[in-house]
Amino acid sequence: MENYTYNSLTLQLEGLKVPEDSVLPVFLILLFSYIYIMLMNIGITVIIFVEKSLNQPMYFLFCNLPVSDIILMTNTVPHVLSDLLLPPSKRLISYSGCVVQAFITNFFSSISHTVLMIMAFDRYVAICYPLRYSSIMTNRMVIKLTVYAWGVPFVWVVVLVSLSIWLNRCRTMIMNLFCDNASLFKLSCDDVSINNIYGLTFTVILFAFSIGSMVLTYAKITVVCLTRKSKSLNSKALITCSTHLLVYLILMGSGIITIALHRFPQYSYERKISSFLYLLVPAGLNPIIYGVQTKEIRLFIQKLFCSKESF
């Protein structure tokens, strides 16, 4: 008969399974990746607020992405790094710490989708109603959209994690690199049907609204570009929409791979690595994509380097 430890306040994380001679290289790669992601996301946020030409609704809405990525990375990567240097038996986390980490992981992962949805709305207004853009996308509207992008996932994730907290725990091993909601309710020996149904419903609704809003928005933008046949309009739409769409496709691609691997138990370790890359890859690529595609950001960086060279 299997022995269980009920409602233990200390949990053990599986962590990364790395050969001993590869621990240091993997640690350094992850450490430099973390430093790079933090510098890039903090940098682009500061640039948007400092450079007056970037004080526009589109960039203020985009700022939600680097801010959420900074918090998400700080929530997971340092713990994964420290666990990498410890033997498996020492990779411990308190139950309360695991709950907090799970909430932050699920909350800020969801925010990425809602932020890209409100950014799609901004692009729709800018391209389809350019003369009314300033009257529609006021500071008040930007605040409303931001509250929606953070508020809706907050309510959903509070319920999601609360359902897991109420379960009795009979296991202590988190079969993941970090805590998320799925890891929490898998600690229980109770019936977790409600957790699975709610989690699946939450994921389906989030993805349905996310994909639906993108398809609808870009369909309308395409119709406007085709009917007006304006070269300047089409050029503006191509530049701003391609950036937004590329960021969205990277996020969706990473998420779909992780979800698909959940359906194949034999690839459990690959799924854990994929879930970690789902956090790292978009956070690392988003600042580059917007930095390269946005003329104002490129000019600010060039001006910054030129001023340093003059000294």
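Author: In what follows, a residue is called buried when its relative accessible area is under 20%, exposed when that area is over 50%, and partly exposed in between. The model discussed here is a predicted one.

Reader: Is Glu 14, in the loop between S1 and helix H1, buried or exposed?

Author: Glu 14 sits in the loop that leads from S1 to helix H1 (23–50). Leaving out residues up to four places away in sequence, Glu 14 touches Arg 91, Met 173, Ile 174, Met 175, Asn 176 and Lys 272. The cut-off for buried is under 20% relative accessible area. Because the relative accessibility of Glu 14 is 11%, this residue counts as buried.

Reader: In what order do the 3 strands stand in the open sheet?

Author: Strand S1 (residues 10–13) is joined to strand S2 (residues 92–94) by 3 bridges, and these two run antiparallel. S1 also pairs with strand S3 (residues 173–174), here in the parallel sense and over 2 bridges. The pairing in this open sheet is accordingly described as mixed, and the strands stand in the order S2-S1-S3.

Reader: Which strands stand at the edges of this sheet?

Author: The order of the open sheet is S2-S1-S3. Each of the two edge strands has a single partner strand, so one side of each is left without a neighbour in the sheet, and these edge strands are S2 and S3.

Reader: How far apart in space are Leu 54 and Gln 12, C-alpha to C-alpha?

Author: Leu 54 is found in the loop between H1 and helix H2 (57–62), and with a relative accessibility of 0% this residue counts as buried. Its contacts, leaving aside neighbours within four places in sequence, are Ile 47, Ile 48, Tyr 59, Thr 294, Glu 296 and Ile 297. Leu 54 and Gln 12 are 42 residues apart in sequence, and their C-alpha atoms have a distance in space of 45 Å.

Reader: What separates the C-alpha atoms of Ser 274 and Thr 294?

Author: Ser 274 lies in helix H10 (residues 268–293), and at 10% relative accessibility it counts as buried. Apart from neighbours within four places in sequence, Ser 274 is in contact with Ser 254, Ile 257, Thr 258 and Leu 261. Along the chain Ser 274 and Thr 294 are 20 residues apart, and the separation of their C-alpha atoms is 29 Å.

Reader: What is the radius of gyration of the protein, and what would a compact globule have?

Author: The protein has 11 helices and 3 strands, and along its principal axes the C-alpha trace spans about 75 × 50 × 35 Å. For a compact globule with 311 residues the radius of gyration would be near 19 Å, which agrees with the value for the protein, 22 Å.

Reader: What share of the contacts with a separation of 6 or more comes from residues 24 or more positions apart?

Author: Of the 311 residues, 47% count as buried. Among contacts with a separation of 6 or more, the share that residues 24 or more positions apart account for is 79%.

Reader: How far apart do the centres of the positive and negative side chains lie?

Author: The accessible surface comes to about 16200 Å², and carbon and sulfur atoms hold 70% of that area. As for charge, there are 23 positive and 14 negative side chains, and the distance between the centres of the two sets is 15 Å.

Key:
Residues numbered from 1 in each chain as written. Predicted model: local features only at pLDDT ≥ 70, side-chain atom pairs only at ≥ 80, totals over all residues. Heavy atoms only, no water. Pairing = 2+ DSSP bridges. Helix = DSSP H or I, 4+ residues; strand = E, 2+ residues; numbered from the N terminus. Rg over C-alpha atoms; globule rule 2.2 N^0.38 Å. Buried < 20%, exposed > 50% of the residue type's maximum accessible area, 1.4 Å probe, protein only. Contact = heavy atoms within 4.5 Å. Areas by Shrake-Rupley, 256 points an atom, 1.4 Å probe, with all protein chains shown as cover. Lys, Arg positive; Asp, Glu negative; His and termini not counted. Charge placed at Lys NZ, Arg CZ, Asp CG, Glu CD.
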